[in-house]
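Here's a quick briefing on how this chain is put together.

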Amino acid sequence: MKEILTTIFTTILVFFTGNNQEIEYKQDEYIVVKQNEVKEEIIEDIKPERTYISTNTVLSTPLSSTSNYWSYPSDIKETTRNGNDLLVLVNKSYKLPSTYAPSDLTNLSSTGIINGSNYYLRSILINDLKSLVTDAKADGISLSVVSAYRSYSTQVSTYNYWVQYNGGSVDAADKISARAGHSQHQLGTAIDFSSPEVNNQLGVLFNNTKASAWLKENSYKYGFVISFPLGYESTTGFNYESWHYRYIGKANALEMKNSGMILEIYLRSKN
Ligand SMILES: [Zn+2]
């Protein structure tokens with residue numbers, strides 16, 4: 001069934017994006033879709049984004065005992081802080097305007113992170129990311145990036161992909177992918193990490209890597225914090241994502257760590 005749906009969606013993708021794509025199947029578990037980025041208003045030459053899809057992400061992540069934790073409320077509001085604000089709360093209740101895009105997107109090649117030349121984040125965090133990558137390397141940890149800035153329009157495509165992938169199930173998609181406007185990736189301060197330990201793939205394979213453990217322990221020193229920690233699905237509205245970190249600045253990250261709050265609760269207290 002899943003193969004049939006994947007084929008259908010592949011056909012749809014090809015229909016919409018022409019020849020600029022390669023689709024590769026790996027052991028029936030991973031589908032690597034390379035598609036040209038939807039035309040960017042801010043950066044014209046943004047590199048194609050790779051979306052690694054793992055069935056494990058959907059099938060092996062335990063569901064919270066709270067029912068419908070992934071669903072969206074009926075009264076969705078616009079974010080109270082501007083998108084440029086490092087402490088803006090973006091979740092299932094608060095969405096960014098479709099017109100919001102950061103104005104200082106910078107290529108990650110200068111940070112030394114693996115595959116950095118394919119991705120962009122805000123210039124405000126580049127030096128801290130570079131320090132994080134350098135210090136991790138000194139500890140024997142190699143880090144790669146598998147997703148970073150995503151425009152509103154790219155997020156529309158990403159979310160729709162997951163709906164199609166799950167046989168049209170909005171519930172399944174809502175557990176693992178934010179709807180457009182509700183994704184921290186639109187801020188240009190959210191990054192999905194991976195590691196050569198798992199062939200730089202995105203997904204649950206990253207959970208038990210040395211890189212994941214290093215980030216959990218050290219990322220706050222560089223201003224990065226995990227957005228969707230394990231065991232807090234009913235609070236964040238998303239399944240556990242060991243790879244997804246958001247930059248809130250070093251001072252804020254330290255304050256958050258000392259408070260014992262997860263990012264979602266910390267930001268609610270600030271918005
Ligand atoms: Zn992410």
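The largest nonpolar core has 49 residues, and Leu-121, Val-145, Ala-148, Phe-193, Phe-224 and Val-225 have the most contacts inside it. A nonpolar core here means a set of buried Ala, Val, Leu, Ile, Met, Phe, Trp, Tyr and Cys residues joined through C-beta atoms within 7 Å. Helix α3 (residues 126-138) supplies the largest share of this core, four residues. Keep in mind that this is a predicted model: local features need pLDDT of at least 70, side-chain atom pairs count only at pLDDT 80 or more, and totals for chains, interfaces and linings use all residues. Residues are numbered from 1 along each chain as its sequence is written.

**The chain overall**

- The protein chain has nine helices and eleven strands; helices (H or I, at least four residues) and strands (E, at least two) are DSSP runs, numbered from the N terminus.
- Of the 271 residues in the protein chain, 41% are buried. Buried means 20 or more other C-beta atoms within 10 Å of the residue's own, exposed means 12 or fewer, and partly exposed is in between, with C-beta atoms placed from the backbone.
- Take the contacts in the protein chain between residues at least 6 apart in sequence: 59% of them join residues at least 24 apart. Two residues are in contact if their C-beta atoms, placed from the backbone, lie within 7 Å.

**The four-stranded sheet**

- Four strands make an open, antiparallel sheet in the order β8-β9-β11-β10, where two strands pair if DSSP finds at least two bridges between them.
- β8 (144-147) and β10 (224-226) are the edge strands, each pairing on one side only.
- Neighbouring strands of this sheet are turned by 45° against each other on average, direction ignored; the axes are lines fitted to C-alpha atoms, for helices over the stretch in contact, and angles run from 0 to 180 degrees between N-to-C directions.

**Strand β9 and its partners**

- On one side, three bridges join β9 to β8, and the two run antiparallel; Val-145 stands opposite Phe-193 in β9.
- Three bridges also link β9 (residues 190-194) to β11 (residues 244-247), again antiparallel, with Ile-191 opposite Tyr-245 in β11.
- In a regular strand the side chains alternate between the two faces of the sheet. In β9, Ala-190, Asp-192 and Ser-194 point one way while Ile-191 and Phe-193 point the other, and all are buried.
- Leaving aside neighbours within four places in sequence, Phe-193 is in contact with Leu-143, Val-145, Ala-211, Leu-215, Trp-243 and Tyr-245.

**Helix α9**

- Which residues of helix α9 (residues 263-270) are buried? They are Leu-263, Tyr-266 and Leu-267.
- These residues cover an arc of only 95° around the axis, so they sit on the same side of α9; the arc is that of the directions from the helix axis to the C-beta atoms.
- The buried residues of α9 pack against β10, β11 and α8 (250-259).

**A buried loop residue**

- Ser-183 lies in the loop between α5 (170-176) and β9.
- Ser-183 counts as buried because 21 other C-beta atoms lie within 10 Å.
- Not counting residues up to four places away in sequence, Ser-183 touches Arg-150, Gln-155 and Ala-178.
- Ser-183 and Ser-151 are 32 residues apart in sequence but 9.5 Å apart in space, C-alpha to C-alpha.
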